[in-house]
Every structure is written in structure tokens, then in C-alpha cells.
Amino acid sequence: MSLQDSDRETGSRLLPKFDEKGLLSAVVTDSEDGEVLMVAFMNAEALAATQETGFAHFYSRSRKVQWMKGETSGNRLAVERILIDCDQDAVVIKARAEGPTCHTGVRSCFYRELKNGALVPVKT
């Protein structure tokens, strides 16, 4: 294990381990009830913007641009905590959603359950 790996796993410095495309996985959960709201990706700029503004920013792999959740819909994610995993290649963002999180208009992007090979709406 290199010194940087040791620092990454047990130290107090943020040393993000971005993948070959410069991205980290980001899981967003509701800060009150813990429900998973969405999963996205962050590059260094999105991670920095999230820390600076207090609102979740991500990187779109398809559009190849950084974006702030809610920049067009107004349904922002106010960040309360950012948790970093042990090897610093993924984050969990605990946030307060200012409206629906999913682009389909529902609270969470995880609104369907796989049952017997079919997708069934989750009862809320």
C-alpha cells in the first residue's frame, strides 16, 4: 500500500480517486429518512462546486457537461452532508430535496421495483 493509499483510507485529507474518465460515483439520499433519491457522477469541478455552493452538482456523461441539480427545474438538492467512502472513489450526499428529484416528476429516481421480471411502481 502506497503512502497516498494509506492517506486516502485512514487520513483526514480529501484525496479523491477519480476513475479513468475523471469521475466518482455519487449516491444522493434524503437527509431525513435516508431514501435513495438518485445516483449520478461527479468530476473534480462538480465536487468543488457542491462544496462551495451547498447545492449538488454533477457531471453528465452523455452531455459531457457539469450541471447543478435543479438548475432548470428549480428542484435543487441542498447538501447537508457529504460522506466519502474508504478509498475515496465514491460519495454519498445527504440532502434536502427542494421538489421531486427524478426528471419524471417523482420524489426518487428509484420508483419501481423488479418483481417477477417486471417493473412495478413502489408504493409510497
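The following legends describe close-up views of a predicted model of one protein chain. Local features are reported where pLDDT is at least 70 and side-chain atom pairs only at pLDDT 80 or more, while totals for chains, interfaces and linings use all residues. Residues are numbered from 1 along each chain as its sequence is written, and side-chain values use heavy atoms, with hydrogens and water left out.

View 1. Helices (H or I, at least four residues) and strands (E, at least two) are DSSP runs, numbered from the N terminus, and along the sequence they follow the pattern α-β-β-α-β-β-β-β-β-β. The C-alpha trace spans about 50 × 35 × 30 Å along its principal axes. Of the 124 residues, 31% count as buried, where buried means under 20% relative accessible area, exposed over 50%, and partly exposed in between (1.4 Å probe, protein chains only). Among contacts (heavy atoms within 4.5 Å) with a separation of 6 or more, 39% come from residues 24 or more positions apart.

**View 2. The surface of the protein chain and its charges.** The chain exposes about 7,800 Å², of which carbon and sulfur atoms supply 51%; these areas come from the Shrake-Rupley method with a 1.4 Å probe. The 16 positive and 18 negative charges have mean positions 6 Å apart. Lys and Arg count as positive and Asp and Glu as negative, without His and the chain ends, and each charge is placed at NZ of Lys, CZ of Arg, CG of Asp or CD of Glu.

**View 3. An open sheet of 4 strands in the order 2-1-6-5.** The pairing in this sheet is mixed, and two strands are taken to pair if DSSP finds at least two bridges between them. Strand 2 (36-42) and strand 5 (77-84) are the edge strands, each pairing on one side only. Neighbouring strands are turned by 25° against each other on average, direction ignored. Strand 1 (residues 24-30) and strand 6 (residues 90-97) pair in the parallel sense over 6 bridges, and S25 stands opposite A90 in strand 6. In a regular strand the side chains alternate between the two faces of the sheet.

**View 4. Helix 2 (residues 44-53) lying across the sheet strands 1, 2 and 5.** Helix 2 runs at about 125° to strand 2, where axes are lines fitted to C-alpha atoms, for helices over the stretch in contact, and angles run from 0 to 180 degrees between N-to-C directions.

**View 5. Two loop residues, E32 and Q88.** E32 lies in the loop between strand 1 and strand 2 and, at 73% relative accessibility, counts as exposed. Between E32 and S12 there are 20 residues of sequence separation and 26 Å in space, C-alpha to C-alpha. Q88, in the loop between strand 5 and strand 6, is buried, with a relative accessible area of 5%. The phi of Q88 is near 60°, a positive value in a residue other than glycine.

**View 6. The hairpin of strand 7 and strand 8, with N116 in its loop.** Strand 7 (residues 112-115) and strand 8 (residues 118-121) pair in the antiparallel sense over 4 bridges, and R112 stands opposite P121 in strand 8. The hairpin has 2 residues between the strands. N116, in the loop between these strands, takes a positive phi near 50° although it is a residue other than glycine, and it counts as exposed at 86% relative accessibility.
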